[in-house]
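Dear colleague,

Please find the structure below, handed over for your files. My notes on it follow, beginning with a single site and then turning to the whole chain.

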Amino acid sequence: MKKLIADMHMHTLVSGHAYGTIREMAATAGEKNLKLIGITEHAPGIPGTVDPFYYLNLTVIPRVLSNVQILHGCEINVLNGGKLSLEQKYIDFLDYAIVGIHKDCYTDEGKEKNTDNLIACMKNEKVHFVSHPDDDHTPLDYERLVSTAKQYRVALEVNNSSLVKKDRRLNCYENYRKMLKLCEQQQVPIIISSDAHDPSWVGRFDLAVKLLEELQFDESLILTNDIEKLRAFIGV
């Protein structure tokens, strides 16, 4: 598989349960020859995360650290009722948003309603990615998810951390196989992310890469192996 050179989903210590700074994450990315990283702190709804005021001052952070390009995102929670957990006035300051369901602030409503809620959040113009759509504790309708991702030009994530903790992410391997097959059929792009919460996890893609290689997944649909393709998809 072509080398992955971007990691678009990671958290620093301001997310409340992560343990590195932006500069430490960038330094590790540089050591691993990544060219671009996206910092995606948790939005309100996750215990201990940063106050949204944080997002108003992102312009003070250099756009290149340790020879790695820096983009600023946020992992925004999907709430019951199809609402985002971050107000638009803060979303406007982001380069991009990634949306996902977290059980800390979401109650399972069954496959169809969970999918409705996620789709509603995918319609926001800053939302370019869906995080870890893999856990049958909050099941999803993958045919609807993939077709809607194509409609709204949203890429779906294969989350390496989910595969590490598969005992906590119910049926994640099976769900990714189903999702990836549909992505190939409908030509829907994906990203492969570490979901790092510590610098030592930045750029860790091993289990995700192994899965995609086993499936002989179409590499042209992977955004995180080409900086220009990725930046064009986000529009930055």
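Ser15 lies in the loop that runs between β1 (6–7) and α1 (22–31). Please bear in mind that this is a predicted model.

Is Ser15 buried or exposed? Its relative accessible area is 0%, and since buried means under 20%, Ser15 counts as buried. Leaving aside residues up to four places away in sequence, Ser15 touches Glu41, His42, Pro47, Gly48 and Thr49. With one of these, Glu41, there is also a polar contact between side chains, at 2.7 Å.

**The chain as a whole**

The protein chain has 8 helices and 9 strands. Its C-alpha trace spans about 40 × 40 × 35 Å along the principal axes. The radius of gyration is 16 Å; a compact globule of 236 residues would have one near 18 Å, so the value agrees with that description.

As for contacts between residues at least 6 apart in sequence, 78% join residues at least 24 apart.

The chain carries 27 positive and 33 negative charges.

Regards

Notes:
Residues numbered from 1 in each chain as written. Predicted model: local features only at pLDDT ≥ 70, side-chain atom pairs only at ≥ 80, totals over all residues. Heavy atoms only, no water. Helix = DSSP H or I, 4+ residues; strand = E, 2+ residues; numbered from the N terminus. Rg over C-alpha atoms; globule rule 2.2 N^0.38 Å. Contact = heavy atoms within 4.5 Å. Lys, Arg positive; Asp, Glu negative; His and termini not counted. Charge placed at Lys NZ, Arg CZ, Asp CG, Glu CD. Buried < 20%, exposed > 50% of the residue type's maximum accessible area, 1.4 Å probe, protein only. Polar contact = N/O pair within 3.5 Å; in protein donor to acceptor, adjacent residues only side chain to side chain.
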